[in-house]
Amino acid sequence: MKKIEAIIREEKLDAVRTALEASGYCGMTVSEVSGHGRQGGLTLQWRVGEYKVDFLPKIKVEVVVLDEDLPRTLNAITSAARTGEMGDGKIFVLPVDDAVRVRTGEEGENAI
Amino acid sequence: MPVNSADTAWLLISSALVMLMTPGVALFYGGMVRRKNILSTIMMSFAILALVGLLWVLYGYSLGFGPDKGGIIGGLDWFGLRQVGQEPSSVYAITVPHLAFMVFQAMFAIITVALISGAVVERMKFSALLVFSVLWLTFVYCPVAHWVWGSGGWLSRLGTLDFAGGTVVHINAGVSALALAWLLGPRKGFLEKQPMEPSNIPMVTLGAGLLWFGWFGFNAGSALTSGGLAASAFVATNTAAAAAAFTWMLLSWIHRRPSLLGAATGAVVGLVAITPAAGFVSPVMGIPIGIGAAVACYYAMLLRAKKMGVDESLDVWACHGIGGTWGALATGIFTSVAVNSAGADGLLFGSATQVLKQLTGIAVVWTFAFGATWVLGKLVDVTIGLRVTTVEETVGLDISQHGERAYGGMLR
């Protein structure tokens, strides 16, 4: 099992969710996060002059997939989230030791 | 004089309108500070609404408007509203119950003290703010109100015109705000140019909207009668607010993008500037007065931020001090006896003397407000201290001063 953490553009959430569901994964966790990579910050206006915001709003999508599904789910997320501009985001993949479905107590791959 | 029902109704409604301006200031300021200080910022104005409301009926009204003592201050003859009842006063608003005039003035005193809080948000100790507010009302507001509006006050005898409070309210609060911010020192991170992001611009706009609404009571109510002069002041007020809001929006657009925070600020400075002039100038003069206010305050704010380096956090000085100064000066330029026979003819109508009288009033209030506030602020600083600790400031004043926060946490 692998956990995918995809940091994506806010406006790409719908496309990524649809792509994941098409790959057979309809369960995911989504959170509003802030950060920046190479894109840098954002300049906003005060009453006079401007100020810089270092961290931009992004969406983090977390989903746990079976090892054999990893390449195609990564591919699905990447193509759904890409615009080609700076700030498209980043995806991290982590190993997962175990999983438990709270309702039934099922463990391992059966739980995801 | 017998009580006039129409005048009384208008003045009581106007008092209620001006009352609503203080919660308006609270929201206007609250939306401009960081999330961790929203509640404490709103609390400053709301507590002053209660505090000054009490002090005013106890002794404030008497000091400001009571029987004159040498042109400087009112006596304590009206302490606890003694001799202030349902019959009209013989000198103020002689067609309405004296109590109606008293409570109208109470709302002015309240908002003037509340305005100053914008300079000290995010770092001033709440207890120190309360003590300072009592001192400032007593030793700065009451005397200045007496000089300009009190029967026998020395500036009114000199002929300085101030229809609804350009000097008493706006210059007074704005200049005092600058002095207090200087004493208090900058917020942590200000000198390092850390961004201080406004937490809620829609809330700022709601506050500006309530101010605009309440200002009709402030200015048109200051006619103290419900006739043509009130209507004239009402239209002048709306015109100046509109002109200034639009001008500020254009200024931000020229620089970058049309800013909502800018338009809301513009409306307020337009209202500030028309305040002393509202009942002395023809309503259409609201346009040049409003445009002038937006330009003057915009550049005053730039100067404060870029050159003066003082953390007068929400620019009370630039908006009220400079807006009020421009308004007081503009009154001397645009005033006309055709509008108000109790006024004078200004520069535009061939007389330069009124401008000089206005400049005198401006200079006196600037000097007194700055000096007296400095002394009172210093007094509070050496006794109980003006500032919260660094840790309290970092955590935010909502939690450290009030044990509450504006928005609930994750667990609902």
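Leaving aside its neighbours within four places in sequence, with which residues is B:Cys297 in contact? The contacts of B:Cys297 are with B:Val269, B:Ala318, B:Cys319, B:Ile322 and B:Gly323, once neighbours within four places in sequence are left aside. The model is predicted, and it scores ipTM 0.70 and pTM 0.90.

**Confidence**

- Chain A has a mean pLDDT of 92, with 99% of its residues at 70 or more.
- For chain B the mean pLDDT is 96, and 99% of its residues reach 70 or more.
- Among the elements of chain A, the highest mean pLDDT, 97, belongs to strand β1 (residues 2-8) of chain A, and the lowest, 82, to strand β4 (residues 50-53) of chain A.
- Where pLDDT is low, predicted coordinates should not be read in detail.

**Overall form of chain B**

- Chain B contains 14 helices and 2 strands.
- The C-alpha trace of chain B spans about 60 × 50 × 40 Å along its principal axes.
- The radius of gyration of chain B is 20 Å, which agrees with the value near 22 Å that a compact globule of 412 residues would have.
- Of the 412 residues in chain B, 58% are buried.
- Among contacts in chain B between residues at least 6 apart in sequence, 75% join residues that are at least 24 apart.

**Nonpolar cores**

- The largest nonpolar core comprises 149 residues, and B:Ala244 and B:Cys297 have the most contacts inside it.
- Helix α3 (residues 98-116) of chain B gives the most to this core, supplying 15 residues.
- A second, separate core has 12 residues, among them A:Ile4, A:Leu20, A:Val65 and A:Ala76.

**Surroundings of B:Phe65**

- B:Phe65 lies in helix α2 (residues 38-65) of chain B.
- B:Phe65 counts as buried because it has 25 C-beta neighbours inside 10 Å, and the cut-off for a buried residue is 20 or more.
- Apart from neighbours within four places in sequence, B:Phe65 is in contact with B:Gly74, B:Tyr92, B:Gln105, B:His146 and B:Gly150.
- B:Phe65 and B:Trp147 are 82 residues apart in sequence, while their C-alpha atoms are 9.4 Å apart in space.

**A hairpin in chain A**

- Strand β3 (residues 42-45) of chain A pairs with β4(A) in the antiparallel sense, over 4 bridges.
- A:Thr43 has A:Lys52, in β4(A), as its bridge partner.
- The hairpin of β3(A) and β4(A) has 4 residues between the strands, and A:Gly49 in this hairpin takes a positive phi near 75°.
- β4(A), one of the two strands of this hairpin, is also the element of chain A with the lowest mean pLDDT.

**Contact between the chains**

- The contact takes 7 residues from chain A and 14 residues from chain B.
- On the side of chain B that touches chain A, α9 (260-274) and α10 (286-308) of chain B each supply at least two residues.
- The most is given to that side of chain B by α10(B), with 4 residues.
- By class, the side of chain B that touches chain A has 6 nonpolar, 4 polar and 4 charged residues.

Technical notes: Residues are numbered from 1 along each chain as its sequence is written. Chains are lettered from A and ligands numbered from 1 in the order in which they are written. This is a predicted model: local features need pLDDT of at least 70, side-chain atom pairs count only at pLDDT 80 or more; totals for chains, interfaces and linings use all residues. pLDDT is the predictor's confidence in each residue, from 0 to 100. Two residues are in contact if their C-beta atoms, placed from the backbone, lie within 7 Å. Ala, Val, Leu, Ile, Met, Phe, Trp, Tyr, Cys and Pro count as nonpolar, Asp, Glu, Lys and Arg as charged, and the others, Gly among them, as polar. The radius of gyration is taken over C-alpha atoms; the globule rule is 2.2 Å times the number of residues to the power 0.38. Two strands pair if DSSP finds at least two bridges between them. A nonpolar core is a set of buried Ala, Val, Leu, Ile, Met, Phe, Trp, Tyr and Cys residues joined through C-beta atoms within 7 Å.
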